[in-house]
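Student: Could we go through this model together and check the words used for it against their cut-offs?
Tutor: Gladly, let us take the terms one by one.

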Amino acid sequence: MAKTDKDTAKAKVKKWKRRARAAEGRLAELATPAAPKKKVVIVSPLAPKDGFPLLPPVAGAEFATAQAGVRYQGRTDVMLARLAPGTVIAGTFTRSATRSAAVLDCQAKLGAGPTDAGAAILVNSGNSNAFTGARGWASVNALSAAVAQKLGIPENRVFTSSTGVIGEPLPHERIEAALDGLVSGLGPDGIAMAARAIMTTDTFPKGAMAEVTIDGQTARIVGIAKGSGMIAPDMATMLVYVFTDVAISQKALQSIVSRLTERSFNAITVDSDTSTSDTLIVAATGQGPALTNMRSAEAKAFERAMGEVMLDLAHQVIRDGEGATKFVGITVTGAANDADAKRCALSIANSPLVKTALAGEDPNWGRIVMAVGKSGAQADRDRLSITFGTLAVATNGLVDPGYKEADGAAYMKNSDLEIGVDLGLGKGRATVWTCDLTHRYIDINADYRS
């Protein structure tokens, strides 16, 4: 039976209704925000095999964490530490000309304020509160005032840190809203969660501890850190918080921290980039044994133990270098002086050609020669010697007679590498630590703000 005009019209109407419903469905899909993609965190192959260490409580230090939604929902992103009356604070900070308001505020507060009033450290991840102008200072001041009010301490005893994306205003009101929960949750066993709360592109939380005997008593040193990319001396891009129960003067503690920083956090580099937010704070609560004679054997033992904790944390930062597959120690000896040795070591550690050769497991020692030559350190080509571990590669400016390329290539397959350079000029010596440069570094940083 032939279709009538009426049947044809009905068919067209049905067809257009189907199309309209389909269009409405597509519009609804577009109007509904897509669920955020869950980022898959690939844990660094260089991460400590035993995971996060068991850190003992430190008398006079309590910790709490919260999910404030600073940048991401459902993520622990704020840490609060409450420190007992009598606590002294030391620290070192980035010297970047564009450092954040939080860094400048901490520097101004260092060594100030009545130590009998206690202290606090508040840290957020997700937003660095850097390059935010007057709003950055407003956020720091608001958070310092809020914490001071909640804990009953002076504002100049509240130290804040922020890490994450640069150039976006910090939604500090979200952190303020989480303060009641943070204060009520404070306890001596919360440091492991605190280590997680401060992470950004880190693939694992970082912690270290040491104990030392002082006047027959056991003193504890416990530290946590974050850092993965934008790592270079001065003082690398990281946040580090170390706590000890030792009773010590602020001046003595600051002297120790400054010395040890040069041999730890100022001796590592991932990518030669210095952050706007680098902060190292060391808090001594005074709840344990006292150090009064800083020339004593006990004072030296304390400094060694503090140095072990700081170097351990610094090494963990390199082991978590963005995309890293190699942990590399570079020792330069025979330099005209220590400064030249460090200058030369850093030139090697920061060379993209050296770092990509390491990633490709290529024993291209010519790139090391290049990096020595461009470093600005005094050098003599004909006195230069190079080693890979115990393998002599070059001696007095020439390929070592016993060196075989196959041996060098086999050594480069190790995950932990040692490169030695002797300039043959003097007694200067320095060691720095770095990692290789892989395509994964690009992947992480290209996706950082999403």
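Predicted model: local features only at pLDDT ≥ 70, side-chain atom pairs only at ≥ 80, totals over all residues.

Tutor: Residues are numbered from 1 along each chain as its sequence is written, and side-chain values use heavy atoms, with hydrogens and water left out.

Student: Why is H9 called oblique to H11?
Tutor: Helix H9 (residues 338-350) and helix H11 (residues 366-374) pack at an angle of about 135°, with their axes 8 Å apart. Angles under 35 degrees count as roughly parallel, over 145 as roughly antiparallel, 65 to 115 as roughly perpendicular and the rest as oblique, so H9 is oblique to H11.

Student: Which residues make the contact between H9 and H11?
Tutor: With contact meaning heavy atoms within 4.5 Å, H9 brings Cys344, Ser347 and Ile348, and H11 brings Ile368, Ala371, Val372 and Lys374.

Student: What makes up that contact by class?
Tutor: There are five nonpolar, one polar and one charged residues. Here Ala, Val, Leu, Ile, Met, Phe, Trp, Tyr, Cys and Pro count as nonpolar, Asp, Glu, Lys and Arg as charged, and the others, Gly among them, as polar.

Student: How do you know that the length of H9 agrees with its number of residues?
Tutor: The expected span is 1.5 Å times one less than the number of residues. For the 13 residues of H9 that gives 18 Å, and the end C-alpha atoms are 18 Å apart, so the two agree.

Student: Which residues of H9 are buried, and what covers them?
Tutor: Buried means under 20% relative accessible area, exposed over 50%, and partly exposed in between (1.4 Å probe, protein chains only). The buried residues of H9 include Asp340, Lys342, Cys344 and Leu346. Their cover includes helix H7 (250-263), strand E10 (327-335) and H11.

Student: Why is Phe131 called exposed?
Tutor: Phe131 has 70% relative accessibility, so it counts as exposed. Phe131 lies in the loop between strand E4 (119-127) and helix H3 (133-151), and has a positive phi of about 60° although it is not a glycine.

Student: What makes Glu361 partly exposed?
Tutor: Its relative accessibility is 27%, so Glu361 counts as partly exposed. Glu361 lies in the loop between H10 and H11, and its phi is near 55°, a positive value in a residue other than glycine.

Notes
Axes fitted to C-alpha atoms, helices over the stretch in contact; angles between N-to-C directions. Helix = DSSP H or I, 4+ residues; strand = E, 2+ residues; numbered from the N terminus.
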